[in-house]
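Reader: Could you walk me through this one? I'd like to go through it piece by piece.

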Amino acid sequence: MKRAISMLILAAPVALAAPLLAEDIAAPPMPAPGSVSAAQALEAWTRIEAVVTHPRCANCHVGSDNVPMWTLVGETRTRPHGMNINAGESRIGAETLMCSTCHVTSAMPNDMPQAPPHAGVDWQLAPVEMQWFGMSGRDICAQLKDPARNGGRDGAGLVEHLVHDANLKGTIHWGFVPGGGREPAPGGFENHLRDIQTWVAGGQPCPG
Ligand code: HEC
Ligand code: HEC
């Protein structure tokens, strides 16, 4: 088992080098200052909220019990990840079983039903201060614009993070193309990027 896994990991970079270099996603220019009204920004937030509360995103942005959630194809109920998986305080499973044991780091498409999904960055839970699971859209909104709880990012930093993740085929990218018959986060990556830009340009308003 151990041998098979290390061979998989060794083989991955060779297979992936070409597609990764071939693509380069860039953000469209930010809307001109003053061109987005608070009402338009709030409307963009409504669509952003549908993304960040969607299981493809929220199931990894969980709280301090460090338990990833899953919502399996054919089920409507979200429940704790099977097999007693706990990410530990490391949020990557270092204390027990690394997430990457099953979720190998790979930018290849995720096509196989019921297989552990993967991304071009190491699979792990989001930091606990970025918890979205079980929170209201309003609270997530406040958190997403608070640099103390969003990885120290201003609005431009959030946009930059999305683009960076897409170029690596990271976990945000995965949420929009999860494969294996899973329902993607709504709207598509490019529209989400534009909505974030609109929300940022309009002053990051949150629902009252
Ligand atoms: C023993 C193998 C294994 C380990 C270790 C593992 N997972 Fe998974 N994980 C799976 C499998 C298999 C699936 C897909 C289940 C399905 O779709 O039927 C999955 C799915 C997921 C999903 C997708 C859920 C959804 O509804 O979109 C998330 C999130 C996830 N795992 C997080 C983690 C995290 C975080 C860790 C490390 C703490 C981890 N997993 C460790 C096997 C594993
Ligand atoms: C496999 C787990 C996983 C999934 C699935 C996931 N994320 Fe994350 N997310 C992370 C990790 C880890 C970080 C921390 C990375 C960092 O800050 O550099 C993070 C950080 C973020 C951040 C940074 C700022 C903040 O305030 O939280 C945003 C924005 C984000 N994710 C959006 C999303 C969106 C949108 C989706 C679904 C389309 C998603 N994530 C799905 C693991 C995940």
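**Contacts, core and ligand shells**

Reader: What does Cys57 touch, leaving out residues up to four places away in sequence?

Author: Cys57 touches Val51, Val52, Trp132, Gly175 and Ala185, where contact means C-beta atoms, placed from the backbone, within 7 Å. This is a predicted model, in which local features need pLDDT of at least 70 and side-chain atom pairs count only at pLDDT 80 or more, while totals for chains, interfaces and linings use all residues. Residues are numbered from 1 along each chain as its sequence is written, and chains are lettered from A and ligands numbered from 1 in the order in which they are written.

Reader: And which residues have the most contacts inside the largest nonpolar core?

Author: They are Ile48, Val52, Cys57, Ile196 and Trp199, in a core of 34 residues; such a core is a set of buried Ala, Val, Leu, Ile, Met, Phe, Trp, Tyr and Cys residues joined through C-beta atoms within 7 Å, and buried means that 20 or more other C-beta atoms lie within 10 Å of the residue's own, all placed from the backbone. The largest share of this core, six residues, comes from α2, helices being DSSP runs of H or I with at least four residues, numbered from the N terminus.

Reader: What do the buried residues of α2 pack against?

Author: They pack against α3 (55-58), α4 (137-144) and α7 (189-201).

Reader: Switching topic, which residues come nearest to ligand 2?

Author: Of the 22 around ligand 2, Cys57, Cys60, Ala126, Asn150 and Gly175 come nearest, a residue being near if its C-beta atom, placed from the backbone, lies within 6 Å. The largest share of that shell, five residues, comes from α6.

Notes:
Two residues are in contact if their C-beta atoms, placed from the backbone, lie within 7 Å. Helices (H or I, at least four residues) and strands (E, at least two) are DSSP runs, numbered from the N terminus. A residue is buried if 20 or more other C-beta atoms lie within 10 Å of its own, exposed if 12 or fewer, and partly exposed in between; C-beta atoms are placed from the backbone.
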